[in-house]
Amino acid sequence: MTTIQPAFIDFEASSLDLIASYPIEVGICMPDGTLHSWLISPHVLWQDWSQSAEQIHGISRETLEADGIAVSEVASALNELLPEQVFCDAWTFDSFWLHRLFKAARITPTFQLESISALLDTRQVREWSALRQQVITELGLPVHRAANDALILHKTWERIAPNQDELAPLTGQTRQA
């Protein structure tokens with residue numbers, strides 16, 4: 001049996017308000033472990049801001065305005081890089097922020113967002129949280145930064161996936177050794 005080798009995505013946002021919040025950073029981890037991330041320049045209509053969220057991710061609105069990339073550039077880059085399916089660990093939030101990003105960019109995503117739970121069986125669901133915490137501890141990376149969180153998903157998947165020697169990309173291509 002060959003197990004898929006998925007791509008992962010994570011967002012950081014202005015707040016956790018599922019009406020007013022918007023994505024401020026997106027990070028992806030490709031099936032081979034390559035990381036990409038972008039700070040996102042707030043669209044003119046995006047005004048929501050939570051100081052408590054800023055304390056968690058450490059990204060200020062001023063940083064976004066100075067260093068953020070335009071929503072259309074970020075959406076285009078995601079479409080260019082991601083395979084047909086990408087996985088996240090907070091589907092409700094991530095799908096909302098993905099939709100906000102692409103709607104503001106006036107671009108249609110060329111990929112589908114799925115929950116990591118779609119990849120996991122019952123045993124893996126039970127083990128996921130503890131393995132994820134081990135990965136966080138071992139990597140020693142700050143959490144709540146999009147690329148780091150996408151990498152944590154990737155490394156946790158590598159630990160929990162059966163048949164590590166037979167991981168294959170979702171595109172059906174064979175893994176290069």
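**Exercise 1. A loop histidine**

Is His 144 buried, partly exposed or exposed, and at what relative accessibility?

*Solution.* First, the ground rules. This is a predicted model, in which local features need pLDDT of at least 70, side-chain atom pairs count only at pLDDT 80 or more, and totals for chains, interfaces and linings use all residues. Residues are numbered from 1 along each chain as its sequence is written, and side-chain values use heavy atoms, with hydrogens and water left out.

Step 1: find the residue. His 144 sits in the loop between α5 (122–139) and α6. Helices (H or I, at least four residues) and strands (E, at least two) are DSSP runs, numbered from the N terminus.

Step 2: apply the cut-offs. Buried means under 20% relative accessible area, exposed over 50%, and partly exposed in between (1.4 Å probe, protein chains only). His 144 has 36% relative accessibility, so it counts as partly exposed.

Step 3: check the backbone. His 144 has a positive phi of about 65 degrees, although it is not a glycine. Most residues other than glycine have a negative phi.

**Exercise 2. A loop arginine**

Locate Arg 106 and classify its exposure.

*Solution.* Step 1: Arg 106 lies in the loop between α4 and β6. Step 2: its phi is positive, about 60 degrees, and Arg 106 is not a glycine. Step 3: Arg 106 is exposed because its relative accessibility is 79%.

**Exercise 3. The order of elements**

*Solution.* Step 1: count. The protein chain has six helices and seven strands. Step 2: read along the sequence. The pattern is β-β-β-β-α-α-α-β-α-β-α-α-β. Of the 177 residues in the protein chain, 48% are buried.

**Exercise 4. The sheet**

*Solution.* Step 1: set the rule. Two strands pair if DSSP finds at least two bridges between them.

Step 1: start with β3 (residues 23–29). Strand β2 (residues 7–13) joins β3 through six bridges, and the two run antiparallel. Phe 8 has Cys 29 of β3 as its bridge partner. Ala 13 has Pro 23 of β3 as its partner.

Step 2: go to β4 (residues 35–39). Five bridges link β3 to β4, again antiparallel. Ile 28 stands opposite His 36 in β4. The hairpin of β3 and β4 has five residues between the strands, and Gly 33 there takes a positive phi near 95 degrees.

Step 3: Two bridges join β2 to β5 (residues 85–88), running parallel. Phe 8 stands opposite Phe 87 in β5. β5 then pairs with β6 (residues 112–115) in the parallel sense, over four bridges. Gln 85 stands opposite Gln 112 in β6. The chain crosses from β5 through α4 to β6 in a right-handed β-α-β crossover. Right-handed here means that, with the strands pointing away from the viewer, the path from the first strand over the helix to the second runs clockwise.

Step 4: assemble. The order is β4-β3-β2-β5-β6, an open sheet of five strands with mixed pairing. β4 and β6 are the edge strands, each pairing on one side only. In β3, seven of seven residues are buried.

**Exercise 5. Helices against the sheet and each other**

*Solution.* Step 1: define the geometry. Axes are lines fitted to C-alpha atoms, for helices over the stretch in contact, and angles run from 0 to 180 degrees between N-to-C directions. Contact means heavy atoms within 4.5 Å.

Step 1: Helix α6 (residues 146–160) lies across β2, β3, β4 and β5, at about 145 degrees to β2.

Step 2: pair α3 with α4. Helix α3 (residues 71–81) packs with α4 (residues 91–105) at an angle of about 115 degrees, with axes 8 Å apart. Residues meeting there include Val 74 and Leu 78 in α3, and Leu 101 and Phe 102 in α4.

Step 3: list the buried residues of α3. They are Val 71, Val 74, Ala 75, Ala 77, Leu 78 and Asn 79. An α-helix has 3.6 residues a turn, so residues three or four places apart point the same way.

Step 4: name the cover. It includes β2, β3, β4 and α4.
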